[in-house]
Amino acid sequence: MHYPRIILKKGKDQSILRKHPWVFSGAIDLADEEMTDGDLVAVHDCKHALLGVGHFQHATIAVRMLSYNEQLIDTNFFKQKIGRAFELRLSLGLVSSKNTIFRLCHGEGDDLPGLIIDSYAGVAVVQCHSIGMYRQLKEIKEALIAVLAKKLKAIYFKSTESIHDIEGVKEGYIHGKCEVPHLAKENGISYQIDWISGQKTGFFIDQRENRTLLARYSSNKKVLNAFCYSGGFSLQALSNGASLVHSLDSSQKAIDLTENNLKLNTFSGEHLSVVADAMEYIKELPEDFDIIVLDPPAFAKHREKRHKAVQGYKRLNAHAIRQIKPGGLIFTFSCSQVVDKALFTHTIIAAAIEAGREVKILEQLHQPADHPINAFHPEGEYLKGLVIQVI
Ligand code: SAH
């Protein structure tokens with residue numbers, strides 16, 4: 001193995017020794033040579049002892065660690081890591097004919113910082129959140145072909161904000177081909193997935209377990225699914241006998257996705273689509289809902305926006321708490337990484353105070369097992385939710 005060296009400043013090796021996978025630019029003392037974005041580098045402490053290998057980038061997070069040994073980061077390396085990630089999903093029972101939608105690789109949580117792979121009935125959709133991962137797309141592709149073997153129909157590369165400025169980046173199939181939309185299943189319910197024009201990789205896989213919980217509480221209930229996107233919560237509620245579901249989104253495109261997905265399945269409950277701004281709509285609800293789901297997009301992507309985001313969550317939840325019928329449930333979520341579990345809970349409590357109603361916390365929700373959090377990288381926790389009862 002011969003990767004150019006990066007030497008850290010004295011004392012700056014502590015977080016790597018605790019296996020936190022990020023090296024911040026301020027921790028670097030010197031480098032062997034001029035580095036290019038995406039280079040594989042060997043990270044050393046101030047006494048020149050090797051700490052591990054990672055992807056370099058001219059950014060605040062300067063190195064994302066891939067290994068804490070002297071290791072070649074080649075196809076075999078990716079085969080081993082992606083293989084282990086796939087084994088975990090298999091052993092968790094997430095890969096079956098009833099469930100063909102799962103996240104195969106969740107970045108730091110699967111020891112591959114910067115790499116996301118979602119799997120939709122044989123199609124792997126790859127997103128790189130670092131230039132280093134992008135430059136190793138060929139190795140990643142070969143590893144996926146080896147690990148998934150006959151189960152793999154195609155690999156689609158989807159660009160992200162982090163790499164779309166690089167010259168020559170092109171979205172598209174890097175192995176095989178598959179028509180979109182493509183039929184796939186989550187817990188026995190069918191969805192049409194379009195990774196080309198859809199949000200994220202085409203589906204919000206991270207809400208699977210929370211949708212299952214909603215289904216459990218939805219029998220004979222009237223449910224409002226606000227911020228519905230492709231309708232996951234609506235379909236789960238209907239599958240367990242919700243009497244009425246309203247799906248609401250500000251985007252007509254999202255409502256079209258929801259309606260197409262409804263057509264693929266048979267339910268007896270009534271369904272109505274609403275294109276509206278959730279904040280405005282919930283202020284004056286047309287129905288006495290038993291359950292309201294609030295799953296807005298991330299209100300804060302950066303720490304500086306956190307205060308404003310908290311105000312937004314508070315306002316939205318206060319409207320819902322005011323409007324829901326006595327005894328009703330609210331499934332409320334935040335996927336803003338910078339708003340942590342404690343802050344989110346305090347925000348909901350503040351909303352209850354503002355709304356002047358009594359609230360009980362029944363459930364505390366989070367991201368599912370195919371979105372694991374590396375215990376040494378707590379920043380990997382992003383999805384949080386509560387089920388509250390409003391008295
Ligand atoms: N709950 C969804 C994922 C939600 S993604 C699922 O399970 O798949 C967030 C959605 O909120 C997007 O579809 C977006 O169009 C919608 N959205 C954003 N701002 C909105 C607003 N002000 N009112 C209603 N919907 C909004």
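How many bridges join strand 7 to strand 8, and do the two run parallel or antiparallel? I looked this up first. Five bridges join strand 7 to strand 8 (residues 115–120), and the two strands run antiparallel. I note that the model is a predicted one.

**Strand 7.** I checked the burial of strand 7, residues 101–106. Six of its six residues are buried, so the strand is largely enclosed by the rest of the structure.

**Core.** Ile101 and Tyr120 came up again when I turned to the largest nonpolar core. I found 34 residues in this core, and those with the most contacts inside it are Ile101, Tyr120, Ile193, Trp195 and Phe331. I listed the elements that give two or more residues to the core: strand 9 (123–128), strand 10 (154–158), strand 13 (189–193), helix 5 (208–217), helix 6 (232–239), strand 17 (291–294) and strand 18 (329–334). Helix 6 gives the most, with four residues.

**Ligand.** I next went through the surroundings of the ligand. It is surrounded by 16 residues, of which Arg211, Asp249, Asp277, Ala278 and Asp295 are the closest. I sorted the shell by residue type and got nine nonpolar, three polar and four charged residues.

I then looked up contacts to nitrogen atoms of the ligand. For aspartate 277, an N or O atom of the side chain is 2.7 Å from a ligand nitrogen. For phenylalanine 227, a backbone N or O atom lies 2.9 Å from a ligand nitrogen. For serine 250, I again found a backbone N or O atom, 3.1 Å from a ligand nitrogen. On its own the ligand has 580 Å² of accessible area, and the protein covers 88% of this.

**Two loop residues.** I looked at serine 159, which sits in the loop between strand 10 and strand 11. Is serine 159 buried or exposed? Its relative accessibility is 15%, so I count serine 159 as buried, the cut-off being under 20%. From serine 159 to glutamate 171 I read 5.8 Å, C-alpha to C-alpha, with the two 12 residues apart in sequence.

I placed proline 181 in the loop between strand 11 (172–176) and strand 12 (182–186). Proline 181 has 46% relative accessibility and therefore counts as partly exposed. Glycine 198 is 17 residues from proline 181 in sequence, and their C-alpha atoms are 9.7 Å apart.

Conventions. Residues numbered from 1 in each chain as written. Predicted model: local features only at pLDDT ≥ 70, side-chain atom pairs only at ≥ 80, totals over all residues. Heavy atoms only, no water. Buried < 20%, exposed > 50% of the residue type's maximum accessible area, 1.4 Å probe, protein only. Pairing = 2+ DSSP bridges. Near = heavy atom within 4 Å. Polar contact = N/O pair within 3.5 Å; in protein donor to acceptor, adjacent residues only side chain to side chain. Areas by Shrake-Rupley, 256 points an atom, 1.4 Å probe, with all protein chains shown as cover. Nonpolar A, V, L, I, M, F, W, Y, C, P; charged D, E, K, R; others polar. Core = buried A, V, L, I, M, F, W, Y, C linked by side-chain atoms within 4.5 Å.
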